[in-house]
Amino acid sequence: MKRSAFDYIVVGAGSAGCVLANRLSENGKYTVLLLEAGPRDNYLWIHIPIGYGKTMFHPEYNWGFYTDEEPTMKNRRIYWPRGRGLGGSSSINGLIFVRGQPEDYDRWAQAGNAGWDWKSVLPYFKRSEHNSRGASDAHGGDGPLWSSDIEERSELMEAIIRGAGELGVRRTDDFNAGDQEGVGYYQLFTRNGWRNSAAAAYLKPARNRSNLRIETNAHATGLIVQSRRVIGVRYRQGGEIKEARASGEVILSAGALQSPQLLQLSGIGPAALLRGHGLEVVHDLPGVGENLQDHLQFRLMYRVSKPITTNDELKSIWGQARIGLKWLMTGRGPLGIGINQGGLFTRILPGSETPDIQFHFATLSADMAGAKPHPWPGCTFSVCQLRPESRGVVAIRSTDPMEPPSMRPNYLSAETDRICAVESIKYARRLAETDALKPYIAGEYKPGPGVRSDDEILDFAREYGATIFHPSGTCKMGQDAMAVVDARLKVRGIEGLRVCDCSVMPTLVSGNTHSPVVMMAEKASDMILEDAKGYAAAA
């Protein structure tokens, strides 16, 4: 068995892992190993924003997970795409720059997670950011991760913005300055028309450092634990089992599905689950895999009365050639934007003091994400509840590290979530029926005119609701009995081990998750390096 030694080992080269690999190796003092189960990010369609559709089902760059049968969703197994390869899900996501709401982070701090309030995390958001508008009180101007404006305005999106105005929602040009409420164009994680994934932003500049080693196609199979201290990682690469030792720490950044899986496989998790699979209980930590949360989206699709949608540009070889040439020459057009151009955040539930739903507007329609667009002009209004109350669980199915875990999100199990599902779909319909959109909307394709009553709408939600790709919360940060990590992201009861990815979110942020995870990794790198100084001083 081959062995190697490093100061730090980072498991998973996604949104968090790429940041950690860069920051921990930056000062040259420490050796860092980054393990990634997937390949290098050499596939061209990863880097072209509209390539989202090409990677949605790609067997090499996408884990292609499915949930267990969901009793609350008509016993469907729901497809959960997750990025596989350098950049992780940041290499296949929708590129949307949303931080969430200040209140999200203040709630984390109020739950006992000191240092995670909005005022404390804003500097890390800014440190990560290279905003195309430049630096400001709310934004960074020289960070690694580019967030860029959509330069061209869409006739249909402009009509949607006017329609939202009829419903009392103001236009905004910034969802990330503290007040999220409004309607407008998203900024995207692109740089000069190319996707700016975590790998492109953080890993590419660091790849040639002599103290950073990046191993791809290296699937972590378990942690090496001695006397309740993690001293290394076992991984499978090229059919061979290898070991890497860490004199400092191991940081799990494998995501909300595979970080808890790896902990459980290593004997860290709910004792009953571990014993049920014949595993030695290294540390009974009942919260590992619990508290699973996700944003459930409902996609309303409309026929458009004018040939002004992306469907129209993609339906012929000549149209595809035109948009390809435009992107090559200017970095603009559909290839440089991706799928969703605009968003809307508003309140629909009684008592909500901040937005509780989010829209993604696409000037494109297809029967499912990643599928071939419809042959007629179409658009999609995707709406999700921002702070779902339903909670699920991730649990190993066996001791085989190559077998995906059981994923049970329990969508719509909470009454508030069912109410929000119905009301959000009704709100989307009111938006489509505004005067501003009457010249553009030719008819509702889905759900369709036959779906009218609340019961019928909820039935539609159960039959067609899908993930918006934000599973989180399964190794939550906190102080209660179900917390897995503390406020410094250290695994409770185990030395030499941290978790940094979506899994540590105590509650799901109100929006897309990539930017928050990058922020968390920026903050985690500071904490890890601070602790390293402390250890050195004590020695």
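C502 counts as buried because its relative accessible area is 9% (buried is under 20%, exposed over 50%, partly exposed in between, with a 1.4 Å probe and protein chains only). This is a predicted model, where local features need pLDDT of at least 70, side-chain atom pairs count only at pLDDT 80 or more, and totals for chains, interfaces and linings use all residues. Residues are numbered from 1 along each chain as its sequence is written, and side-chain values use heavy atoms, with hydrogens and water left out.

**Cysteines**

- The structure has zero disulfides (a disulfide is a pair of cysteine sulfur atoms within 2.5 Å).
- C502 is in no disulfide, and the nearest cysteine sulfur, in C500, lies 9.8 Å away.
- For C18, the closest cysteine sulfur is also that of C500, at 12 Å, so it is too far for a bond.
- C18 is buried, with a relative accessible area of 0%.

**Aromatic pairs**

- A search of the whole structure gives 20 aromatic pairs. Rings of Phe, Tyr and Trp (its six-membered ring) pair if their centres lie within 6.5 Å; planes under 30 degrees apart are stacked, over 60 edge-to-face, and the rest tilted.
- F175 and Y186 form a tilted pair, because their planes stand at 55°, with ring centres 5.4 Å apart.
- This pair links distant parts of the chain, 11 residues apart: F175 is in the loop between α6 (155-166) and β7 (182-185), and Y186 in the loop between β7 and β8 (190-191). Helices (H or I, at least four residues) and strands (E, at least two) are DSSP runs, numbered from the N terminus.
- Both F175 and Y186 are buried.
- F460 and Y464 also make a tilted pair, 5.3 Å centre to centre and 35° between the planes.
- Both lie in helix α14 (residues 454-464), four residues apart, about one turn of the helix.
- Is F460 buried or exposed? F460 has 5% relative accessibility, so it counts as buried.
- Y464, at 41% relative accessibility, counts as partly exposed.
- Ring pairs join Y105, W108, W116, W118 and F125 into a cluster.

**Charges over rings**

- K523 lies over the face of W116, 5.1 Å from the ring centre. The test is NZ of Lys or CZ of Arg within 6 Å of the ring centre and within 35 degrees of the ring normal.
- R303 lies over the face of W376, 4.1 Å from the ring centre.

**Second largest pocket**

- The second largest pocket has a volume of about 400 Å³. On a 1 Å grid over the protein atoms alone, a pocket is an open set of points with protein on both sides within 12 Å along at least five of seven lines; a cavity is a set where a 1.4 Å probe fits but cannot get out; lining residues have an atom within 4 Å of a point. Points are joined across faces, edges and corners, and a volume is the space filled by probe spheres set on them.
- Its lining has 22 residues, and those closest to the centre are R76, M368, A369, Y464 and A466.
- β16 (296-304), α14 and β23 (466-467) each supply at least two lining residues.
- This lining divides into 13 nonpolar, three polar and six charged residues. Ala, Val, Leu, Ile, Met, Phe, Trp, Tyr, Cys and Pro count as nonpolar, Asp, Glu, Lys and Arg as charged, and the others, Gly among them, as polar.

**Cavities**

- The structure holds four cavities of 30 Å³ or more.
- The largest cavity has a volume of about 110 Å³.
- Residues lining the largest cavity include L292, F298, P409 and D417.
- The lining of the largest cavity divides into seven nonpolar, three polar and two charged residues.
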